[in-house]
Amino acid sequence: MASKTVIALRISAVAAGLAIAAPAAAQFQKPEDAVKYRQSAFTVMSNHMGRLAAMAKGERPFDAAAAQASARVIETMARLPWEAFVPATEGLKSGAKPALYQNLADVRTLADRLNGETGKLRGSVGDLDALRKQLGATGAACKACHDKYRVM
Ligand code: HEC
């Protein structure tokens, strides 16, 4: 028992040392992990945009609590993909156009625009008309970046 505890303590000490030593840019073990991470965030975000769109179009009954939950997920997911567009992923197969890596400042601006819209989206979900309007503005922020930097 005692030796197991010692081993566990050693392992956690090593893990803590690694975490402290790792530079901020090295959040991903392999470039492939960064691609998977950003695509996963987009996938979850898109799923919840779809749920809100179904309410906006009247395909699903409007449910303010469910809309609020989706808007929260969207706002959180919308913060995640950007740090994963690291240069090491440039040569990998993904939906990112090569131009993206040459225009990271512009990508950041477009990401900030999305983050602004998703914040407003969370504020709009209490009212179906407001939700419809803000969903449109949010979708436009998605499209503005996809038109430039996503392989269709
Ligand atoms: C600032 C740029 C930018 C914004 C804003 C943006 N996207 Fe994307 N999106 C991309 C890029 C680049 C890719 C390709 C990523 C890859 O394959 O690594 C992508 C990929 C995706 C994918 C495919 C993920 C996969 O599994 O391959 C979906 C779905 C998606 N975006 C949805 C959205 C939605 C919905 C929004 C708005 C709520 C949005 N995106 C906003 C740049 C953006």
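What pattern does the protein chain follow when you read along the sequence? It goes α-α-α-α-α-α, with six helices and zero strands. Helices here are DSSP runs of H or I with at least four residues, strands are runs of E with at least two, and both are numbered from the N terminus.

A quick word on the ground rules. This is a predicted model, where local features need pLDDT of at least 70 and side-chain atom pairs count only at pLDDT 80 or more, while totals for chains, interfaces and linings use all residues. Residues are numbered from 1 along each chain as its sequence is written, and side-chain values use heavy atoms, with hydrogens and water left out.

**The chain as a whole**

Of the 152 residues in the protein chain, 30% are buried. "Buried" means under 20% relative accessible area, "exposed" means over 50%, and "partly exposed" is in between (1.4 Å probe, protein chains only). Now take the contacts in the protein chain with a separation of 6 or more: residues 24 or more positions apart account for 73% of them. A contact means heavy atoms within 4.5 Å.

**Helix H3**

Helix H3 covers residues 64-77. (The expected span is 1.5 Å times one less than the number of residues.)

Which residues of H3 are buried? They are Ala67, Ser70, Ala71, Ile74, Glu75 and Met77. These cover an arc of only 165° around the axis, which means they sit on the same side of H3. The arc is taken from the directions that run from the helix axis to the C-beta atoms. Over on the other side of H3, Ala65 and Arg72 are exposed. Helix H2 (31-56) and helix H5 (104-124) are among what covers the buried residues of H3.

Helix H6 takes in residues 128-149. Its 22 residues, at 1.5 Å each, should span 32 Å; the end C-alpha atoms are 31 Å apart, which agrees. The buried residues in H6 are Leu131, Gln134, Leu135, Thr138, Ala141, Ala144, Cys145 and Tyr149. Their cover includes H2, helix H4 (98-102) and H5.

Let's zoom in on Leu121, which belongs to helix H5. Leu121 counts as buried because its relative accessibility is 0%. Not counting residues up to four places away in sequence, Leu121 touches Met49, Leu52, Ala71, Ile74, Leu131, Gln134, Leu135 and Thr138. Take Thr138: Leu121 and Thr138 are 17 residues apart along the chain, and their C-alpha atoms are separated by 7.4 Å.

Gln134, in H6, is on that list of Leu121's partners. Is Gln134 buried or exposed? It counts as buried, because its relative accessibility is 11%. Leaving aside neighbours within four places in sequence, Gln134 is in contact with Glu117, Lys120, Leu121 and Ser124.

Asn115 is another residue of H5, and Asn115 is buried too, with a relative accessible area of 16%. Residues up to four places away aside, Asn115 touches Ala78, Arg79, Trp82 and Arg108.

**Around the ligand**

The ligand contains an iron atom, and its only protein donor is His146 (NE2), at 2.0 Å. Donors are N, O and S atoms within 2.8 Å of the metal (3.2 Å for Na, K and Ca); water is not among the atoms, so sites may look incomplete. His146 is part of H6.

There are 23 residues around the ligand, and Arg38, Gly95, Cys142, Cys145 and His146 come nearest. To be near, a residue needs a heavy atom within 4 Å.

| Residue and atom | Ligand atom | Distance |
|---|---|---|
| Gln39, polar side-chain atom | oxygen | 2.7 Å |
| Gly95, polar backbone atom | oxygen | 2.6 Å |
| His146, polar side-chain atom | nitrogen | 2.8 Å |

A polar contact is a pair of N or O atoms within 3.5 Å; within protein, one must be able to donate a hydrogen and the other to accept it, and residues adjacent in sequence count only if both atoms are side-chain atoms.

**After H6**

Arg150 is in the segment after H6. At 42% relative accessibility, Arg150 counts as partly exposed. Beyond residues up to four places away in sequence, Arg150 touches Gly95, Lys97 and Cys145.
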